[in-house]
Amino acid sequence: MNGESPNPSVVPWGVELRRASAQAKQWSRRHFEFTIMVVAFFAMTAAYVIVFQVARNESLATSIGAGVRSICAVLPIAILVRYCIRGPVRKLSLPSKVLAHIALACIASLAWYTLVLFLRNWTFDWMQSGVTLTPFSQKASLWYLYQGLVVYAALVAAGYAFLLRSEIEEFQKAAVGRDRQDRTGIGLIFVKSGDEMIRLRHDDIVQISADNDCVTIHTRQRTYISSRNLKDLDRDLQTFGFVRIHRSHLVNLAMVRSAEPTGDGRLSVHLINNATLVSSRAGGKRFRDIIAL
């Protein structure tokens, strides 16, 4: 292949298999949190089914339905917890975080109890017959509220673990990028072409474009396909005159021939390889700020 974009009609099936395997591993790394949460929810559903069968001696179908309802009620709470941990709560001081989590735990517990109660009484013909909420017994209500607090605590612990993992990965990647820059004095990235690892210098790269999970690196001579994501490449190359003009495009300022406004804050960027890219509004502002014009 010699670094060129592969022709699907002549690519051996073994290469395609390795590529699919690499893409699957890349997807797994990027969506680690999602994968773990899916496994956890399936495990929780199975646990609920077992509890309902043992404690209430109910049929398998009834137990599965009760388990699914309980887990469906957890999903919006999980989304809320993730948003709060990575958003508003993250910016608070430690004492404020503790108070915020106490308040959110109470809210989440009540919300989870309410959702479970609603789903327990919901039927497919609810639009015609309505939904009549039959409350749990006092003992069952206290137990569900307690479960809500436990679920919230588990979600918070998992959320902070995922956040810490992300921060450690970002720190490690940044450290590798700084070390590479200190040792070489130039920006270097490696791309895989077949079984060969190709080293590219930053001053040979004209543009980098992303299409779903595929990243195309355009140099002065060739085009390469990389499994790395555009965010990582942007972080590694931004100190070498690269600017992200669009969520799908990263350009080398040294390779820009001209740029002109297209309206609404966007720019039409012309490169020396005769390619023309249209920036987003945020990318156009970023480009203007860097060139200070």
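**Exercise 1.** Which residues lie nearest the centre of the second largest pocket, and how many residues line this pocket?

*Solution.* The model is predicted.
- Step 1. Collect the lining: 22 residues line the second largest pocket.
- Step 2. Go to the centre: Met-44, Tyr-48, Trp-143, Gln-147 and Val-151 lie nearest.
- Step 3. Assign elements: helix 2 (32-56) and helix 6 (138-184) are the elements that give two or more residues to the lining.
- Step 4. Find the largest share: helix 2 supplies it, with 11 residues.

**Exercise 2.** Describe the volume and the residue classes of the second largest pocket.

*Solution.* 
- Step 1. The space in the second largest pocket is about 520 Å³.
- Step 2. Sort the lining by class: 19 residues are nonpolar, 1 is polar and 2 are charged.

**Exercise 3.** What is the strand order of the open sheet of 5 strands, and is the pairing parallel or antiparallel?

*Solution.* 
- Step 1. The order reads 5-4-3-7-6, and the pairing is antiparallel.
- Step 2. Strand 5 (223-226) and strand 6 (242-246) form the edges, each pairing on one side only.
- Step 3. On average, neighbouring strands of the sheet are turned by 20 degrees against each other, direction ignored.
- Step 4. Pick a bridge: His-246 has His-249 in strand 7 as its partner.

**Exercise 4.** Which strands does helix 7 lie across?

*Solution.* 
- Step 1. Locate the helix: helix 7 covers residues 230-237.
- Step 2. Helix 7 lies across strand 3 (205-211), strand 4 (214-219), strand 6 and strand 7.
- Step 3. Read the angle: helix 7 runs at about 155 degrees to strand 3.

Definitions and conventions
Residues are numbered from 1 along each chain as its sequence is written. This is a predicted model: local features need pLDDT of at least 70, side-chain atom pairs count only at pLDDT 80 or more; totals for chains, interfaces and linings use all residues. Side-chain values use heavy atoms; hydrogens and water are left out. Two strands pair if DSSP finds at least two bridges between them. Helices (H or I, at least four residues) and strands (E, at least two) are DSSP runs, numbered from the N terminus. Axes are lines fitted to C-alpha atoms, for helices over the stretch in contact, and angles run from 0 to 180 degrees between N-to-C directions. Contact means heavy atoms within 4.5 Å. On a 1 Å grid over the protein atoms alone, a cavity is a set of points where a 1.4 Å probe fits but cannot get out, and a pocket is an open set with protein on both sides within 12 Å along at least five of seven lines; lining residues have an atom within 4 Å of a point. Grid points are joined across faces, edges and corners, and a volume is the space filled by probe spheres set on the points. Ala, Val, Leu, Ile, Met, Phe, Trp, Tyr, Cys and Pro count as nonpolar, Asp, Glu, Lys and Arg as charged, and the others, Gly among them, as polar.
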